[in-house]
Amino acid sequence: MTGLPPSTGKKLGLVTDLDICVGCHACSVSCKEWNAGGHSAPLTDLNPYAHDPLGVWFNRVHVYETDDGEGHTQTVNFPRSCLHCEEPACVTVCPTGASYKREEDGIVLINADTCIGCKLCSWACPYGAREFDSDDGVMKKCTLCVDRIYNENLPEDDRVPACVQACPTQARHFGDLGDPASDISQLVERRGGFSLMPESGYKPVNQYLPPRQRKDQAVATLDLQNVPSGRNDDPQTDGFLGWIDKMLSR
Amino acid sequence: MATTQERVDTSPKVSDEVKYSTCYMCACRCGIRVHIRDGQVRYIDGNPDHPVNRGVLCAKGSAGIMQHLSPARLSGPLKRVGPRGSGEFEAISWDEALGIACGWLGQIRRTDPGQLAFFTGRDQSQSLTGMWAAEFGTRNYAAHGGLCSVNMAAAGLYTIGGSFWEFGEVDWARTRYFMMFGVAEDHDSNPIKIGLGTLKGREDTKFVSINPVRTGYSAIADEWLGIRPGTDGLFVMSLIHQLLNNQKVDLDYLVRYTNAPWLVINQPGQADDGLIARDSDGHPLAWDKTSGQAVNALLPEITPALAGTYMLADGRQARPAFELMAERYLDEQFAPEKVEQQCGIDAQTIRRIANELAHAAFEQAIELDIPWTDWAGRRHEKTIGRPVSVHAMRGISAHSNGFHTCRAIHVLQMLLGSIDCPGGFRYKAPFPKPAPPPTRPAGKCDDVQANTPLPGMPLGFVSGPEDLLVDDDGGPRRIDHAYSWAYPLAAHGMMHMVIHNAWAGDPYPINTLFLYMANMSWNSSMNTAQTMQMLTDMDEASGEYKIPHIIYSDAYASEMVSYADLVLPDTTYLERWDCMSMLDRPISSAEGPADAIRQPVVQPDRDVRAFQDVLIDLGARLGLPAFTNPSGTARYPGGYPDYLVNHERCEGIGPLSGWRGKNGDQHGRGEPNPDQLQAYVDNQCFWQDPLPESQQYYKHANGPYLEYAASMEWVPDASQIIMQLYSEPLQKFALAALGHGDFQPLEKYRERIKLYFDPLPIWYPPLEEQLLNNRGDQHGAFPLHALTQRPMAMYHSWGSQNAWLRQIYGTNRLYMHPDLAAEHDLEDDDWVYLESHHARIKAQIRTMTGCNRDTVWTWNAIGKRKGAWNLDPNASEGREGFLLNHLISELLPGKGKRFSNSDPVTGQAAWFDLKVRLRKAEAGEALSEPQFEALSPVPGVQDRPDVLRFGQQFLPAGSWRRKPKKRNRAP
């Protein structure tokens, strides 16, 4: 079984804002697009034009309806990818050392040259974040775009994961969650970010921001009561006609 | 085992070259960067500097590679050799293809150019295609607006001189209250998403979504109102009722910027009743309270009355439009309690929303320190904003009451003073234009002559009955019946009626149907099954098809290809020049005009040609004046790029506004610049010219802006553009229906025009519902509404050929509320029959609570005909996927001569009026109904792979993952 680094220099990860995720799949497809030709290339698609197409995706978006038990339901769009856990079971379970956690930044990767495709890691991961490429015979997963975020061939602004760059609502954020002073850690702090299934003990690095309180009750300080219409009143009085009778200038 | 890190190349080479262009995975026109490696597209991302998408890109845009490499791409021209619809084609050369087309088209043009019906689908070159039709001499031209959103465009252009999406946008940065009505989630998608992401983060801003279905955008709304389909107008009028009742409207704004103070003649029963009172020069009149007389309403500094009855100099009585409007909506029929049941929104909520609107508009008004000068030369030190904004689209437009509903929304915006102000809805250049714009449709009886261009463009805006395209008997002149008494304001044509009418020979048979990028034998038609029959129906006497010739241009093997006689294969969007022009639908923002191009980032590897190149070539071959030199040679031998640079619509104005003039130093106006396209390529393929801040607001009344707009030919002159709260053109039709005037409708149209032409917005139940309810024996037989929603990751039919997108939406379900399902003893995954007055389909259900209780819905255009798009005939899109189109008749219920299932004002296709009933289907094969014979593979399309390994070609040489593999080698 594979060991973990005693600590990592950084804890790079993603934060997803469930308040503004509209479930558009831009993150999924931009991820697919970048990574299909990237570090883990290809992200094979079986039956791409037939029944039951089955491709490798590092990031999938699910749609749920939640119910508070009192008749209030809400639709939640939920993007799901590898959480780059601090204590990833997928790494410790790996019999060959192919799954590993990078010491410098905490990214969990798979060495395709030593992966034997035994799938133990996908059984171990409670988040369903691993994707087996049966054509290549190896396991693949989110690399946090390790071939983008440090890539000196890209303009500096582009050195973020593809999903973060593409997200039209800017629901996705990237940064060092190990540094409490980082923008992303501050964002998590401010918005009450949470981990998925913390009770499992894998300490996911990625965090989610909860939907904000909906402003679905009265937000106005005005509480209009119907003003007597006065439609039958004398125009000089205070009624509707009186109101519109004021001097207006073009 | 200890951690053994591999050596990861964190700085791999990404691309050899980055080329900029414009996306075409939908109609939104986002800027893209195409990264090319070894001559192939490695990936596509958003252009950070682009005004539309500012670096982000949606799922469709990111899947562009798969569209570009789709195995459904056509590979060369085709000629039909078997029966139409059989899919038996022969590959032919371009010379032969163009020869056949010229044979058919030349014959028509020499005899009766009206025998050509030329309709384009999701065309972004309408300033070219429209001109081509005019030059050919046919009035039978339109793009797809009639089946899409003409209600929004027409209502907007007749009311405020702009419209949602294309011609205006929300001030996302400053709005405090945003209402979204019935929006298709694949449209204007990145700007809306960017905007929602921004405003949701502001504590003081609220987002309300009014939509029967709670998907995507509605899911993140602060408040979702699951309204009953087709009742939005009633809801809005109730809000107006509340605001008026509480005196919460912006009277100053109305007086300055709208025709609220214009005097309306009050002469019941007379020919001028309800028209605007005018002086001898035609100026509208207002009652000036200072001088106590009727004066030119266009003058500054007058003090117009908004209420009262006044005597004009000639003794006639008149009342301000405002008073008529107030009278109508103050009526108790619009009280929240009176509409709550029909709308499915309780009265208390309607009241609260009205309060919130008033609060945002008037208690949270914005004052910007931006001085500006109005049309009368008066300087205003501050720019005032009423931070209420609205966006509305398909859910309003696709109803037969959509025109009036959209007008009601614009009236609400006017009353709140929130049009083109900070925090409100803001125009995008070249809008605003006069309401309505001054161009009239060409194509009256004498306008169509052999070998002669039309005297104007086929599409325009009628201002009264005299502008209709009708024959001496009052019958329609266009094949689609647009601009007839049945659909007078059909400003975008009625593409959804073309095949039906051509088949029926109503009002006349045509010889050739020429379509571009419009899947009319499948998801773009109502009544799909019979439409396919109409396309193949023969005339018994002549032994010819009822529609003798069909020419079709598309890049892909869509369902429509199989019904063409001649197929002209188009390129993909990465292989072509294109233009998002100020003459058509540019990429402007509220901050200023902008246009863009598409450039070929890779060359086609097939024998295909850009449709616009082909059209220009055909124009020259046919000798159309605008496409030939006086000597008879081709005017644009370089095709579309040649045209883009050298065509001038009028002096100095061409398709592209940037880098004009011989030296490329002029913008907006200037001589053609031979290096213009290179200048665009050097500038990321777009041009923008930000307006000074002082011209960015109140553009309808902003003097310097209007002067600039006039110099660019966007408006006829620098006059103030006055919003039309009260629409006189509609009243002119109403008067005609009452028997006044020289232009009289046939009796069969009279009642309909009386009912639906009202100068103030009205609400009526959608027509299909009215007619079904009127059938005494069937009352309540179709209790449910059925409609479609557009998935954000798909664009109409295009997405299903895309290997990545079809993994997201490869099949569709019929969604419904769990209570409705329970009522029918249904559970998730059960199959049901859905029946309309017209047809029956079978589909599989799924429940969701975010759905109006009386509505069922599904994703649009996922169902495919088996064999189309080069999908495996067994693909889920054909097996389980389904269309609602089969249930929707192109004609309203009834017997004999029936009206189109369309808005009676604009002819907009009423897709969402559909009423249905539901019943559980017996257990059987998991197969949707109806099913049709699989289409034959189109010759020349490539084999579809069983395994797609896109991207492995970019791995380092020698990587084992580059080697060909056998499938499923691992357990």
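The model is predicted, and chain A has an average pLDDT of 92, with 92% of its residues scoring at least 70. A stretch to treat with care is residues 229-233 of chain A, where pLDDT stays under 50, although the model has 16 contacts beyond four places in sequence for these residues.

Turning to the interface, 100 residues of chain B are in contact with 90 residues of chain A. On the chain B side, the elements giving two or more residues include β3 (40-46), α6 (189-199), α9 (251-257), α12 (347-363) and β35 (947-948), and of these α12(B) gives the most, with 7 residues. By residue type, the side of chain B that touches chain A divides into 45 nonpolar, 27 polar and 28 charged residues.

Within chain B, helix α21 (residues 728-737) packs against helix α22 (residues 747-756) at an angle of about 140 degrees, with the axes 8 Å apart. Because of that angle, α21(B) is oblique to α22(B), and the crossing of α21(B) and α22(B) is left-handed. From α21(B), the contact is made by B:Phe733, B:Ala734, B:Ala736 and B:Ala737, while α22(B) brings B:Arg750, B:Ile753 and B:Lys754; these residues divide into 5 nonpolar, no polar and 2 charged.

Definitions and conventions: Residues are numbered from 1 along each chain as its sequence is written. Chains are lettered from A and ligands numbered from 1 in the order in which they are written. This is a predicted model: local features need pLDDT of at least 70, side-chain atom pairs count only at pLDDT 80 or more; totals for chains, interfaces and linings use all residues. pLDDT is the predictor's confidence in each residue, from 0 to 100. Two residues are in contact if their C-beta atoms, placed from the backbone, lie within 7 Å. Helices (H or I, at least four residues) and strands (E, at least two) are DSSP runs, numbered from the N terminus. Ala, Val, Leu, Ile, Met, Phe, Trp, Tyr, Cys and Pro count as nonpolar, Asp, Glu, Lys and Arg as charged, and the others, Gly among them, as polar. Axes are lines fitted to C-alpha atoms, for helices over the stretch in contact, and angles run from 0 to 180 degrees between N-to-C directions. Angles under 35 degrees count as roughly parallel, over 145 as roughly antiparallel, 65 to 115 as roughly perpendicular and the rest as oblique. A crossing is left-handed if the near helix is turned anticlockwise from the far one by less than a right angle, and right-handed if clockwise.
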